[in-house]
Structures are given as C-alpha cells and as structure tokens.
Amino acid sequence: MALLGFSFLILVFWFVPSVWTLKTSSITVTRWIKARGEVEETVGPAEKIWTPYSRISRHTLSAIISAEDGRFYKHHGLDFEEIVKSFQLNIKHGRYLRGGSTITQQVVKVAFLSRDKN
C-alpha cells in the first residue's frame, strides 16, 4: 500500500504544475472541458476575480474547511486513510459512492482537470 501512495505522489509532482507560484503571480493552466474541448485559463492574484486570503472571513474559512475536509489539519494535502476507505467502499459497491479527496486535491482537480466525477 505504501508503494501505491508513493507512486501516486510521484505522479502528482511530475504532472501537476507548481501551485506555489500562485502566492505571488498568476499562472496559465490548460483544462479539457467536454463541451468546449481544450481551454486555457489564467488564475492567480493578478486576476480581477481573485480574492486575497486576507480578505476572507475566518468564519467562512472554518465553515469551508469543516464541510469539505474534516481532517484538514491532520494531513499534509493527501489523506491516505480516507482515500483507502473510499477506494474499498467504491470497489465493494462497484461504483463511485464516496470520494476521499482533500481540499488540496479538489483545488488541483478543478484548476487543472474538470469537475467530472470519474
């Protein structure tokens, strides 16, 4: 199981662009959207729709964190315990019933992939 987790981390670091750049500048990402095909979008602090972290209420942040990733402060971006539980449940039922993604994984998925559940 550890080898699977390690392999996953290698894939993430190899294929996902550096999101640390978003702290200081914008980056251009390419997404594949079924209805439109390949789309390039720019995200980051230089964009008009960007809201700086400092302007977001701590109550709003706490609500989002508790709703989306209850173990947010107990892992470092990937919650392997929840991933394994979700994988086992989905295999048992033969379909996607439960996700094990963290807020970090959701941000990467929305920014670089799509909202599709697959």
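1. Salt bridges. The structure, a predicted model, holds four salt bridges, each defined as a side-chain nitrogen of Lys or Arg within 4 Å of a carboxyl oxygen of Asp or Glu. A network of such bridges links R71, D79, E81, E82 and K85.

2. Basis of the note. Residues are numbered from 1 along each chain as its sequence is written, and side-chain values use heavy atoms, with hydrogens and water left out. Because the model is predicted, local features need pLDDT of at least 70 and side-chain atom pairs count only at pLDDT 80 or more, whereas totals for chains, interfaces and linings use all residues.

3. R71 and D79. The side chains of R71 and D79 meet in a salt bridge with an N to O distance of 2.7 Å. D79 is buried, at 3% relative accessibility, while R71 is partly exposed, with a relative accessible area of 24%. Here buried means under 20% relative accessible area, exposed over 50%, and partly exposed in between (1.4 Å probe, protein chains only).

4. R71 and E81. R71 also forms a salt bridge with E81, where the closest N and O atoms are 3.5 Å apart. R71 lies in the loop between α2 (58-68) and α3, and E81 lies in helix α3, so this pair ties together parts that are 10 residues apart in sequence. E81 counts as partly exposed, at 42% relative accessibility. Helices (H or I, at least four residues) and strands (E, at least two) are DSSP runs, numbered from the N terminus.

5. E81 and K85. E81 forms a salt bridge with K85 as well, the closest N and O atoms being 3.4 Å apart. Both residues lie in helix α3, four residues apart, or about one turn of the helix. K85 is partly exposed, with 40% relative accessibility.

6. N90 in helix α3. N90 is found in helix α3, which covers residues 80-93. This asparagine, N90, is buried, with a relative accessible area of 13%. Neighbours within four places in sequence left aside, N90 is in contact (heavy atoms within 4.5 Å) with R95, Y96, L97 and R98.

7. The aromatic pair. A search of the whole structure finds one aromatic pair. The ring centres of F72 and Y73 are 5.0 Å apart and the planes stand at 85°, so the pair is edge-to-face. Rings of Phe, Tyr and Trp (its six-membered ring) pair if their centres lie within 6.5 Å; planes under 30 degrees apart count as stacked, over 60 as edge-to-face and the rest as tilted. F72 is partly exposed, at 26% relative accessible area, whereas Y73 is exposed, at 69%.

8. The strands. Strand β1 (residues 27-33) and strand β2 (residues 37-43) run antiparallel and are joined by seven bridges; strands pair if DSSP finds at least two bridges between them. The two form a hairpin with three residues between them. Within this pairing, T28 stands opposite T42 in β2.

9. A nonpolar surface patch. L3, F6 and I10 form a nonpolar patch on the surface, with about 340 Å² of accessible area together. Patches are made of residues with over 30% relative accessible area and no salt bridge, like charges being joined within 9 Å and nonpolar side chains (Val, Leu, Ile, Met, Phe, Trp, Tyr) within 5 Å. Accessible areas come from the Shrake-Rupley method with a 1.4 Å probe, and for residues only the protein chains shown count as cover. L3 lies in helix α1 (residues 2-15) and is exposed, at 64% relative accessibility.
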